[in-house]
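Thanks for coming, everyone. Let me put the structure up, and then we'll walk through a few parts.

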Amino acid sequence: MPSGRPPHAVCAAHARAVPICRRTLRLILTAHGLINLVDVAELLATELVSNAVRHTKGPAALRVSWSAGVLRIGAWDADPEPPEPPRPLEDLVDAEEGRGLVLVRACADLWGWQPLSRHGNRGKYVWCELGATA
């Protein structure tokens, strides 16, 4: 991926945002020769954007960057509340929700979140990273 400002896609906070972000990510990675990361990256982006869309009333955005052999995928949303920490997988066997960050934790090399504040707007950024060998 080119250096400089990372590509991003702004998604409206509705269910259609998820497939739009997933397809956009596939196009970006394919165009930059990172096809080996597409399947896992799509899964991770789907979980992050789904959470952002589900837990905010405002906009959500997907941000993708590539640096030093590491793909970073993140989702921004307008809700400043931290994400709930992933529960142990065995606690989720019969659960109908709550698996998103468990999948992110299991599939990504690293993940985290940070609160954001800019021009009086608050929100958070939840991100994960994949190495080129993923």
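Which residues are buried in α3? They are Gly100, Leu101, Val102 and Val104. Buried means under 20% relative accessible area; exposed means over 50%, and partly exposed lies in between, with a 1.4 Å probe and protein chains only. Helices are DSSP runs of H or I with at least four residues, strands are runs of E with at least two, and both are numbered from the N terminus.

Before going on, a word on the source. This is a predicted model: local features need pLDDT of at least 70, side-chain atom pairs count only at pLDDT 80 or more, and totals for chains, interfaces and linings use all residues. Residues are numbered from 1 along each chain as its sequence is written, and side-chain values use heavy atoms, with hydrogens and water left out.

Back to α3. Its buried residues pack against α2, β4 (110-118) and β5 (121-131). Contact here means heavy atoms within 4.5 Å.

Now take the α2 partner. Helix α2 covers residues 38-54, and α3 covers residues 100-107. Their axes come within 9 Å and cross at roughly 150 degrees. Axes are lines fitted to C-alpha atoms, for helices over the stretch in contact, and angles run from 0 to 180 degrees between N-to-C directions. Who meets whom? From α2 come Val40, Leu43, Leu44, Glu47, Leu48 and Asn51; from α3 come Gly100, Leu101, Leu103, Val104 and Cys107. That contact divides into eight nonpolar residues, two polar and one charged. Nonpolar covers Ala, Val, Leu, Ile, Met, Phe, Trp, Tyr, Cys and Pro; charged covers Asp, Glu, Lys and Arg; the others, Gly among them, are polar.

Next, α1, residues 17-31. Its buried residues are Ala17, Val18, Cys21, Leu25, Ile28 and Leu29. Just after α1, Gly33 takes a positive phi of about 70 degrees.

Two loops to finish. Ala68 sits between β2 (60-67) and β3. Ala68 has a positive phi of about 50 degrees, although it is not a glycine. Its relative accessibility is 79%, so Ala68 counts as exposed.

Then Asp79, in the loop between β3 (70-77) and α3. Leaving out residues up to four places away in sequence, Asp79 touches His55, Thr56, Gly123 and Lys124.

How values were computed
Expected span 1.5 Å × (residues − 1).
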